Amino acid sequence: MDLLSPEAIRKQVISKSIQAPSVLYSGVIAVVGTVYSVLFDGSVLSWGISLTAGTVCFAKICWGYQVKYQHHALEIVDHYHRSLLVKA
């Protein structure tokens, strides 16, 4: 598979969007908060924190993929280009 094909770049952009620290942290908070809410405490506060963290996680994934797609794709192509120059 070509590393610079549109499908390969799309997969790399999705991966880069998911691996952003704000996505990971808010996703972990959402999961832990939901488990805590289900198992121990069903208060509105714990559900609210879980819902807010999940919303932030989803919004950051969408932002990274939809809005910053060109920026991420350009970084991927530049990185690949630099690696080819180093090999030469």
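Which pattern does the protein chain follow, read along the sequence? The pattern is α-α-α-α.

## Model and fold

This is a predicted model, in which local features need pLDDT of at least 70 and side-chain atom pairs count only at pLDDT 80 or more, while totals for chains, interfaces and linings use all residues. Residues are numbered from 1 along each chain as its sequence is written, and side-chain values use heavy atoms, with hydrogens and water left out.

The protein chain has four helices and zero strands (DSSP runs numbered from the N terminus: H or I of at least four residues for helices, E of at least two for strands). Its radius of gyration is 18 Å, well over the 12 Å that the globule rule gives for 88 residues, so the chain is more spread out than a compact globule. The radius is taken over C-alpha atoms, and the rule is 2.2 Å times the number of residues to the power 0.38. The C-alpha trace spans about 60 × 25 × 20 Å along its principal axes.

## Salt bridges

Two salt bridges are found in the whole structure (a side-chain nitrogen of Lys or Arg within 4 Å of a carboxyl oxygen of Asp or Glu). One joins glutamate 7 and lysine 11, at 3.3 Å from N to O. Both residues lie in helix α1 (residues 6–18), four residues apart, about one turn of the helix.

The other joins lysine 16 to glutamate 75, with the closest N and O atoms 2.5 Å apart. This pair links distant parts of the chain, 59 residues apart: lysine 16 is in helix α1 and glutamate 75 in helix α4 (residues 69–87).

## Burial

Buried residues make up 22% of the 88 residues (buried is under 20% relative accessible area, exposed over 50%, partly exposed in between, with a 1.4 Å probe and protein chains only). Glutamate 7 is partly exposed at 42%, as is lysine 11 at 45%.
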